[in-house]
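Let's take a friendly walk through this protein model. Have the sequence and the 3D view open side by side, and follow along residue by residue.

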Amino acid sequence: MSEEERNVAKVREAWGRWAETKGGDLSMWDDYVSEDFKLRSLADGGAKQPYTAPKNGRDEMREYLEGLTGTFSMDLWEIDDTIAKGDRVVVLGRTGWTNRETGKSFVTPVAMITRWRDGRMCEYTEFYDTARIAETMA
């Protein structure tokens with residue numbers, strides 16, 4: 001199995017677990033991310049989502065996950081396609097969440113660029129429809 005195939009398998013395994021637990025097991029990510037993990041999100045700390053500010057390291061990644069799952073409950077997480085080259089895997093899919101405070105829901109396409117090193121994700125950048133999410137905040 002090539003490095004690209006191993007990385008795609010890890011992506012599918014990790015996000016499969018994430019979907020299965022509906023975001024309820026944050027510690028599962030410890031099995032997949034490096035200590036020096038870097039996370040970037042399109043919202044970049046705005047749109048009433050301060051937890052989306054850039055994160056560095058596992059502890060800060062946990063802050064992101066706690067902010068996300070504290071604000072929203074997961075309704076949907078699906079991978080539609082993956083594209084791999086070298087140590088990078090691009091993931092295309094859809095995700096849906098419900099705002100815990102307002103009860104408003106959204107579904108958005110999502111694109112994620114991941115980078116892998118020694119079988120662990122060391123970088124993650126996500127792109128999604130921030131306007132749809134902002135609509136659920138009020």
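Predicted model: local features only at pLDDT ≥ 70, side-chain atom pairs only at ≥ 80, totals over all residues.

**The aromatic rings**

The structure has seven aromatic pairs. In one of them, the ring centres of Trp-15 and Trp-29 are 5.1 Å apart with the planes at 65°, so this pair counts as edge-to-face. Trp-15 belongs to helix α1, while Trp-29 sits in the loop between α1 and β1; the two are 14 residues apart, and their pairing links distant parts of the chain. Are these two tryptophans buried or exposed? Trp-15 is buried, because its relative accessible area is 4%, and Trp-29 is also buried, at 5% relative accessibility. Trp-29 has a further edge-to-face partner in Tyr-32, with 6.1 Å from centre to centre and 65° between the planes. Tyr-32 is buried, as is Trp-29.

**The sheet and its helices**

Now turn to the sheet. Six strands make up an open sheet with mixed pairing, in the order β2-β1-β6-β5-β4-β3. Its edge strands are β2 (55-56) and β3, each of which pairs on one side only. At the β2 end, strand β1 (residues 33-41) pairs with β2 in the antiparallel sense over two bridges. Lys-38 has Asn-56 in β2 as its bridge partner.

Helix α1 (residues 3-20) packs on this sheet and touches β3, β4, β5 and β6 (120-128); the helix direction makes about 170° with that of β3. Helix α2 (residues 58-71) lies across β1, β2, β3, β4 and β6, and runs at about 50° to β1.

**Two hairpins**

Strand β3 (residues 72-85) and strand β4 (residues 88-99) run antiparallel and are joined by 12 bridges. Lys-85 stands opposite Arg-88 in β4. What phi does Gly-86 take in the hairpin of β3 and β4? Gly-86 takes a positive phi near 60°, in a hairpin with two residues between the strands.

The next pairing is that of β4 and β5, again antiparallel, with 11 bridges. Here Val-91 has Met-112 in β5 as its bridge partner. Five residues lie between the strands of this hairpin, and Gly-103 takes a positive phi near 75°.

**Thr-114, a buried polar residue**

Thr-114 lies in strand β5 (residues 105-117). With a relative accessible area of 0%, Thr-114 is therefore buried. What does the side chain of Thr-114 reach? The backbone oxygen of Val-89 lies 2.8 Å from that side chain. A polar contact, also of 2.8 Å, joins the Thr-114 side chain to that of Trp-116. Beyond the neighbours within four places in sequence, the contacts of Thr-114 include Trp-15, Asp-87 and Tyr-124.

**Salt bridges**

Side chains of opposite charge can pair when their charged atoms come close. The whole structure contains 11 salt bridges, and the table shows some of them.

| Salt bridge | Distance, N to O |
|---|---|
| Arg-94 and Asp-80 | 3.8 Å |
| Arg-115 and Asp-87 | 3.0 Å |
| Asp-129 and Arg-132 | 3.3 Å |

Take the pair of Arg-94 and Asp-80 to begin with. Arg-94 is in strand β4 and Asp-80 in strand β3, so this pair ties together parts that are 14 residues apart in sequence. Arg-94 is partly exposed, with a relative accessible area of 33%, and Asp-80 is partly exposed at 48%.

The side chains of Arg-115 and Asp-87 also meet in a salt bridge. Arg-115 lies in strand β5 and Asp-87 in the loop between β3 and β4, so the pair ties together parts 28 residues apart in sequence. Arg-115 counts as partly exposed at 21% relative accessibility, and Asp-87 is partly exposed at 25%.

The remaining row joins Asp-129 and Arg-132. Asp-129 is partly exposed, with a relative accessible area of 27%, and Arg-132 is partly exposed at 36%. Elsewhere, salt bridges that share partners join Asp-87, Arg-88, Arg-115 and Glu-123 into one network.

Note on methods: Residues numbered from 1 in each chain as written. Heavy atoms only, no water. Helix = DSSP H or I, 4+ residues; strand = E, 2+ residues; numbered from the N terminus. Buried < 20%, exposed > 50% of the residue type's maximum accessible area, 1.4 Å probe, protein only. Polar contact = N/O pair within 3.5 Å; in protein donor to acceptor, adjacent residues only side chain to side chain. Contact = heavy atoms within 4.5 Å. Pairing = 2+ DSSP bridges. Salt bridge = Lys/Arg side-chain N within 4 Å of Asp/Glu carboxyl O. Axes fitted to C-alpha atoms, helices over the stretch in contact; angles between N-to-C directions. Phe/Tyr/Trp six-rings, centres within 6.5 Å; stacked < 30°, edge-to-face > 60°.
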